[in-house]
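I opened a notebook for a structure that is new to me. These are my entries, in the order I looked things up.

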Amino acid sequence: MAREKIEIKKIEKRSARHVTFSKRRRGLVKKAQELSILCEADVGLLIFSSTGKLFQYCSTSMKMILEKYQKYSNTNTTINNEQFIEEEIQFENQEVIRIRQEIEDLNRALRRMHGKDLEGLTMAELQQLENKLEMGLRQVCSKKDECLFKEIYELQKQGIQYLEENARLHLQSCHVEDNNAEELLFIEHLETHDHPQSSESTIGNPYNSRLHKASIIDNEASDTSLQLGLSI
């Protein structure tokens with residue numbers, strides 16, 4: 001009759017978990033003891049229960065086994081570190097060689113783009129180089145046209161803004177002139193009705209002087225007409 005296979009998972013029931021721990025611990029210690037006797041091996045076993053209780057087994061001395069483990073661990077760590085450093089140096093050297101080769105290839109391709117170092121190229125390689133140059137030239141021309149159109153658009157936009165600003169300033173200037181003219185007419189109207197002009201102001205103002213002369217001529221004509229009427 002085959003034994004039922006037990007699923008490996010945490011035992012939820014505390015009492016069952018304690019019983020299983022005790023049985024498995026004794027079995028593990030027995031296997032360690034058998035291994036040390038059969039194979040003449042130094043075996044050290046440390047077990048801590050879920051409650052923190054320590055159980056241990058050692059074939060000789062636990063202290064000696066721990067010292068041996070510590071010594072081996074330090075030596076192994078040093079060896080591993082040295083191997084790691086050596087591998088890192090080799091990897092970095094390979095990377096340096098690869099990067100140098102890539103730089104050399106790029107410099108060679110750049111010189112060929114300038115028409116240098118063309119010796120040894122086959123017809124197919126020369127044709128391929130020519131195609132690359134033509135493609136690059138088309139891209140440069142396309143980019144140049146794009147930049148040119150952009151500059152023209154910006155200049156036109158600035159020109160429109162300048163025209164709009166000029167029209168706005170001109171309109172403001174016309175409004176100011178109209179307002180000034182209206183104020184001057186209003187002031188002259190007030191001065192004409194409220195303050196009659198003196199002889200000095202009449203002489204000083206050419207326009208008023210002409211009006212004064214015309215008034216004198218009209219008065220003289222009227223006096224002459226009266227005299228002629230009286231004489232008749």
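The entries below go from the overall layout to charges, surface patches and cysteines.

**Entry 1, layout.** I noted that this is a predicted model. I counted the secondary structure and got 5 helices and 2 strands. Reading along the sequence, I wrote down the order α-β-β-α-α-α-α. I then looked up burial: the protein has 232 residues, and 7% of them count as buried.

I looked at arginine 98 and glutamate 102, whose side chains form a salt bridge at 2.7 Å, N to O. Both residues are in helix H2 and are 4 residues apart, so about one helical turn separates them. Arginine 98 is partly exposed, at 39% relative accessibility. Glutamate 102 is also partly exposed, at 40%.

Which residues does arginine 108 pair with? I found a salt bridge to glutamate 104, at 3.9 Å from N to O. I found another salt bridge to aspartate 105, where the closest N and O atoms are 3.0 Å apart. Arginine 108 and aspartate 105 lie 3 residues apart in helix H2, about one turn of the helix. Through shared partners, salt bridges join Glu104, Asp105, Arg108 and Arg111 into one network.

Arginine 108 is partly exposed at 28% relative accessible area. Glutamate 104 is partly exposed at 35%, and aspartate 105 is partly exposed at 35%.

I looked for charge on the surface and found a negative patch where Glu86, Glu87, Glu88 and Glu92 gather. Glutamate 88 belongs to helix H2, which covers residues 62-113. Its relative accessibility is 34%, so glutamate 88 counts as partly exposed.

I also found a nonpolar surface patch of about 390 Å², made by Leu46, Phe48, Leu54 and Leu66. Leucine 46 sits in strand S1, residues 44-48. I recorded leucine 46 as partly exposed, with a relative accessible area of 44%.

How many disulfides does the structure hold? I found 0. For reference, a disulfide is a covalent bond between the sulfur atoms of two cysteines. I looked up the exposure of cysteine 147 and found it partly exposed, at 38% relative accessibility. Cysteine 174 is partly exposed at 28%.

Note on methods: Residues numbered from 1 in each chain as written. Predicted model: local features only at pLDDT ≥ 70, side-chain atom pairs only at ≥ 80, totals over all residues. Heavy atoms only, no water. Patch = residues over 30% accessible without salt bridge, like charges linked within 9 Å, V, L, I, M, F, W, Y side chains within 5 Å. Areas by Shrake-Rupley, 256 points an atom, 1.4 Å probe, with all protein chains shown as cover. Salt bridge = Lys/Arg side-chain N within 4 Å of Asp/Glu carboxyl O. Buried < 20%, exposed > 50% of the residue type's maximum accessible area, 1.4 Å probe, protein only. Lys, Arg positive; Asp, Glu negative; His and termini not counted. Charge placed at Lys NZ, Arg CZ, Asp CG, Glu CD. Disulfide = S-S within 2.5 Å.
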